[in-house]
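Subject: Structure handover

Hello,

Here is the structure, with notes on what was found in it. Please keep both together.

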Amino acid sequence: MLLYPRLTQLDLTGPFEVLARFRECKIDLVWKTIEPVRDANGLTILPTADFRTCPQADILFVPGGPGQGALMEDEDVLAFLREQASSARYITSVCTGSLVLGAAGLLRGYRATCHWLSLPQLSLLGAEPVAERVVYDRNRITGAGVTSGIDFALSLAASVFGEERARKVQLQMEYDPQPPFSGGSPATAPAELIASVRADTAAFQEAREAVTRRAGARLG
C-alpha cells in the first residue's frame with residue numbers, strides 16, 4: 001500500500017482494515033522514507049518500508065488524495081509502481097489513486113474508475129472511465145471515491161480468499177451502510193448540490209486536470 005503526503009487516509013485505512021483481517025496478508029505501508037507521513041487533514045501515519053526495502057507485492061495498491069498530483073510527476077514514485085506492477089498479481093487503487101496508476105502507464109487500455117469529480121480525467125491517461133463503485137478489468141481493480149475503498153477491499157478479498165470469508169469480515173466489521181442522507185453520489189444527488197460541490201472544488205480540479213494532461217502527454 002503506497003503511503004504519501006496529503007493522501008486521503010480513508011482511501012488507505014478502509015482497505016487496510018478489511019485486508020488486515022486476513023491472516024495471509026502481510027501489509028507494507030510504503031513511502032520513500034520511513035519517516036512519519038501526514039495525510040491531507042493532519043493525521044500522521046508511519047510507513048513500514050521504503051522503496052528500497054519493500055518486498056515484491058502480490059497486491060499493489062494506491063490510494064487517492066490531494067497529494068496525488070505531485071506523485072503523477074514524481075519519477076521515483078512512478079518507477080517504483082511500474083517495477084512492482086511488473087510482477088504483481090493485482091494492480092489496484094481507490095479514488096484518485098487510479099490517476100497515479102494511469103500516470104505510470106499502468107491503465108492504458110483498461111477500464112477503470114475514480115472519484116466522480118475526476119473520473120473523466122482517466123481518458124487523458126489512456127484508460128476507459130467507468131462510473132461504477134468497483135471496476136474489474138483483468139488484474140486491474142479500481143474503486144471510486146473514498147468510502148468505496150471498503151467495497152473495493154471486500155470485493156478483492158472475495159476474489160482472493162473466497163466469498164464466504166469476505167462475508168465473514170463484512171459482518172465482523174458490521175459493514176451495513178445506512179447513510180443519514182440520500183445523494184451520496186452524482187447518480188442520486190440533486191442537481192443543485194452537484195453544482196455546489198463542483199463550484200467549491202473548481203480551482204483544485206482545474207489544477208488536477210492540468211497535471212493529468214501533462215502526464216498524458218508524457219505517455220504519448
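Strands β9 and β10 (residues 140-143) run antiparallel and are joined by 4 bridges. Strands here are DSSP runs of E with at least two residues, helices are runs of H or I with at least four, and both are numbered from the N terminus. Two strands count as paired if DSSP finds at least two bridges between them. The model is predicted: local features need pLDDT of at least 70 and side-chain atom pairs count only at pLDDT 80 or more, while totals for chains, interfaces and linings use all residues. Residues are numbered from 1 along each chain as its sequence is written, and side-chain values use heavy atoms, with hydrogens and water left out.

The charged end of Arg138 sits over the ring of Tyr110, 4.1 Å from its centre. That term requires NZ of Lys or CZ of Arg within 6 Å of the ring centre and within 35 degrees of the ring normal.

β10 also pairs with strand β6 (residues 90-94), in the parallel sense and over 4 bridges. Here Ile91 has Arg140 as its bridge partner. Both faces of β10 are covered, with Arg140 and Thr142 buried on one side and Ile141 and Gly143 buried on the other. Buried means under 20% relative accessible area, exposed means over 50%, and partly exposed is in between (1.4 Å probe, protein chains only).

These strands belong to an open sheet of 4 strands with mixed pairing, in the order β5-β6-β10-β9. β5 (59-62) and β9 (134-137) stand at the edges with a single partner strand each, so one side of each has no neighbour in the sheet.

Next, the aromatic rings. The whole structure contains 4 aromatic pairs. Rings of Phe, Tyr and Trp (its six-membered ring) pair if their centres lie within 6.5 Å; planes under 30 degrees apart are stacked, over 60 edge-to-face, and the rest tilted. One of the pairs is Phe22 with Phe161, which is stacked because the centres are 4.6 Å apart and the planes are at 10°. This pair links distant parts of the chain, 139 residues apart: Phe22 is in the loop between α1 and β1 (30-31), and Phe161 is in helix α5 (residues 148-161). Phe22 is buried, at 1% relative accessibility.

Trp31 and Phe51 form an edge-to-face pair, with 6.0 Å centre to centre and 80° between the planes. Trp31 lies in strand β1 and Phe51 in the loop between β4 (49-50) and β5, so the pair ties together parts that are 20 residues apart in sequence. Trp31 is buried at 11% relative accessible area, and Phe51 is buried at 18%. Together with Phe80, Trp31 and Phe51 form one aromatic cluster.

Two further residues other than glycine have a positive phi. Arg6 has a phi near 65° and lies in the segment before α1 (9-19). Arg6 is partly exposed, with a relative accessible area of 44%. Glu174 has a phi near 50° and is placed in the loop between α6 (163-172) and α7 (191-200). Glu174 counts as exposed, at 69% relative accessibility.

Regards
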